[in-house]
Amino acid sequence: MVNAFSCVLKAKVTEEKPVRDEEIEQVGQGLKREIDAVFGGSIAIRELDTGSDNAAEIEINNLNNAFYDIERFGITFVASPRHADVLMVTGAVTHNMEIAARKTYDAMPSPKFVIAVGDDACDGGIFAGTYAVIGGADKVLPVDMKIPGNPPTPTQILEGLLALMRKAGKK
Amino acid sequence: MTPNLRDPADHVNEIIGTILSVDRLVKGCTNEIYLRITEDEFEPVLSLLSTRKFVLIGLFCAEDFMEVPGPNLLYTFEKKGAVLILVREVARSVSSIATVFPSASWFERECRDGFGVEFTGAFDTRRLFLHETYPEGFHPLKKSFRNAPIATKPSIDPADEYPFRKVTGEGVYQVPVGPVHAGIIEPGHFRFSVIGETIFNLEIRMFYKHRGIEKLAEGKTPDDCVRVAEAVSGDESVANATAFCMAVEKISRIQIPDRAWYMRTILLEMERVHSHLGDQAGMLVDVAFPLGASQFSVLREEVFRENEHLSGSRFLRGVVTPGGLSKDIRKERLYELSRFLEQLKKRYKIGLKIVLSTASVIDRFATTGVIRPALLRPLNITGPTARASGGKVDVRVNCPYGIYAEYPPKPSILKDGDVLSRFTVKAAEIMDSIDIIQRLIASIPEGTVMTDTPVTDGYTLTLIESARGENLAFVWIRDGKIERYKVRTASFCNWQAIEHAVQGNIVPDFPVINKSLNLSYAGTDL
C-alpha cells in the first residue's frame, strides 16, 4: 500500500536538470506569465511545414527536449489544426503545398495566430522569385510574427513566441 | 581483408569490352566512366549490366551534354565502387528500363516532369514532382525556361486528381494520411490499404516540398551554390555541401589541404552522430518509451550545442566551401570536442543498455518492418538501412573519398532487416563515428584549411556517404557558372523501400518503421 502522506512528505526521487540555462529560464518565465494572462494558462501550436529543408522542424522538435521542455511554460504542440491557437509555418510555400496550407489554416478555430519560422517562411529566402514557390508564408496566410534564421535556434523561437504573446495581449 | 589494389574501373573495362570497344570509354574527373551509346547498342549493354549485377544509382537528364544538342539521359550504374554512366541521346521518345531496373521508375518520371522526355513502355507515367496545380506542358528544367514565378491552377478539378493505385477485395479499406501529419514532421501522403489493422498495401506520394533546388542552382557561381546544396536537407547539410565541393574541386583539379579534409571528416561524422541520435530518439518515442527517448534527445541537444561552438551553426552550415573550409577550428577547441565525445560515449552506452534491456522496446522493434535483402539491388537501397539487411554498402569503404581510405569506418552489417537491426546498426555507427573523430583529432596536421585556386569548367559525378546512405551529386560548370546540379539523396531511393517494409505490419507500427528508415522529405522532393 502506498501511504499518501509519505508521497507528500518524502523527498522526491528526481534528477537535476542537465543544465540550467538562465537565458531560456528567463524567456520561458516571461512566456508563461503572458500565456497565463492572455490565453488562460496554455496555448496549443500546430506545426505546418510548407517546404522547409527540415532543419526548422528539428529545432521545433528540440523545444520538447529536456533542455527546453516548453510544456512547463504552458505550450503544447497538437496533432490537429482544430485544436490549435497558433500555426507555426516553416519553409517557403511551395505550389504543391499551397492548398494543404490553406486548408490547415481554415481548419483552425478563431482567434488564431500565424508565426513564420525561418528565413524561407519569412520571405521565401533563397527560393524567393522561383517557379516552385509562391514566397513566404505571408503570401498565403495572414502572418502575425516572423522569426528569421537559417534555422532559428530553439531560444530564438521561444523569444519569437514571447513577442507574439505580448502583441496578442495588446490586441 | 586484403586491400583491393585493382582499379575498380578495370572491372568495367572488362565487362564492356566483351561487346564494345573499350576505347570509347571516357574517364571523368572522379574516375567515373562515361560511355556514349547509340539506340542499337542500348538494349544489349543494358542486359549485360543487368546480368553482371550492376545497380542503377541514378538517372537524370542534362541538355546539350558532351556537345550533343537537346536532352541527354545519363544512366548511372555502380558496381563495387566503379561508376559507369551511359549517355543516351533522346530521340522523340525513349524506351523505359523500369521493368529491368525498378529503381528507374521514379527517375524516369522525374526526367519527364523536368525535361518533357517521354518513356515508352513505362508502367507508371503519372507526374512525379509537378503536382496537379502545375500547368500541362510545363517542364521547368529545360534551358528554354527561365526561372521565374509561374501561374498555377487555383484549385484541382476532381477529374485531375492524382490516381492512386486501386487495391480492392473483401474487407479492404483505405486510410489516407497527410500531406499534413500529426507530428512535427515534413509533409507527404500515405495511402494505406488495410484489412483490419494489418497493412495490405501502402502507396506513398511525395514531392509536396518541391522547391526547385536544381533549377535554383543553375547560373550560380560554385561559391554561391554551396548554400543551395546545404538547403537540400537540413540534417545532411555537411554531406551535401561536401559532395558538391568535392565535385567542384575534382573538376578544377584543386587539391585541398590535408587539414581541411581532416576537418571536413570531423564535421561529416558529427553530422552522422546527431542524425542517428535524433533518429533513435524518434524510434523510442514511437514505441512509447520516453525514458530512452529523452536521454537520446538530451545527448543530441548537446551535440547541437557542440556543433555551434565548433562552427557557429548548430547544423554545421557555412563552413564547407569549394577549396576547403571557410574557417579553421583552434586546436584547444578540438581537444575539448574530443573530451566531450568521451563523456558522450559513456552516457550513450548507459542509455543504450537501458533501451536494449527493455522487453517492451525489443518486442516492438524485433521482426517489425522487415526489408528483405532481395530488394536492396533492384531498389538501390542504401546506407544503414541496407547494412541492417545484410548489404555491404558504404561509400566510405567501397569508394573512399577524402581521407576515409586512411580512416575507414568499421562496417556493422546485420542480416535481419527489421527495426531492431536498423537501431542496432545505427548504435554501432554512432560509436564508430565518435572513434573516427577522436582519432582524427589526435593526428590532425597543422596548416591552412583553404586553397585559392580558380574554378575551371567541366563536369563530374561524386558519391558521398551521408548519415542516411549514398548521396550522389553531378556538377557541370560552364563559363564559371553552374550549368547543371543534380543531387540524388539516399532518401530518394530508400523511400521506395517503405512500401515493401510495411506490408503485413499493423498500422500502429508504421511510425516506428518510418522513423527507423530516417527518410528526409526535403532531400527527396528537392
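Chain A contains six helices and seven strands, where helices (H or I, at least four residues) and strands (E, at least two) are DSSP runs numbered from the N terminus. The model is a predicted one, in which local features need pLDDT of at least 70 and side-chain atom pairs count only at pLDDT 80 or more, whereas totals for chains, interfaces and linings use all residues. Residues are numbered from 1 along each chain as its sequence is written, with chains lettered from A and ligands numbered from 1 in the order in which they are written.

Read from the N terminus, the elements of chain A follow the order α-α-β-α-β-β-β-α-β-α-β-β-α. Of the 171 residues of this chain, 54% count as buried, a residue being buried if 20 or more other C-beta atoms lie within 10 Å of its own, exposed if 12 or fewer, and partly exposed in between, with C-beta atoms placed from the backbone. Contacts are assigned to two residues whose C-beta atoms, placed from the backbone, lie within 7 Å; among those in chain A between residues at least 6 apart in sequence, 81% join residues at least 24 apart.

The interface between the chains brings 37 residues of chain A into contact with 42 residues of chain B. On the side of chain A, the elements that give two or more residues are strand 1 (43-49), helix 3 (55-62) and helix 4 (98-106), and the largest share, six residues, comes from helix 3 of chain A. By class, this side has 18 nonpolar, 15 polar and four charged residues, where Ala, Val, Leu, Ile, Met, Phe, Trp, Tyr, Cys and Pro count as nonpolar, Asp, Glu, Lys and Arg as charged, and the others, Gly among them, as polar.

Beyond its neighbours within four places in sequence, V117(A) is in contact with residues including A56(A), I60(A), V89(A) and I157(A).

In chain B, an open sheet of five strands has the order 1-2-5-4-3 with mixed pairing, two strands being paired if DSSP finds at least two bridges between them. Its edge strands, each pairing on one side only, are strand 1 (26-27) and strand 3 (55-63) of chain B. Strand 3 of chain B pairs with strand 4 (residues 71-79) of chain B in the antiparallel sense over eight bridges, and E63(B) stands opposite P71(B) in strand 4 of chain B.

Further along chain B, helix 14 (residues 419-442) and helix 16 (residues 510-517) pack at an angle of about 35°, with their axes 10 Å apart; axes are lines fitted to C-alpha atoms, for helices over the stretch in contact, and angles run from 0 to 180 degrees between N-to-C directions. The contact is made by V419(B), R422(B) and F423(B) of helix 14 and by V512(B), I513(B) and S516(B) of helix 16. The loop between helix 15 (490-501) and helix 16 of chain B holds V502(B), which is buried because 25 other C-beta atoms lie within 10 Å. Apart from its neighbours within four places in sequence, V502(B) is in contact with I199(B), L202(B), G369(B), F510(B) and I513(B).
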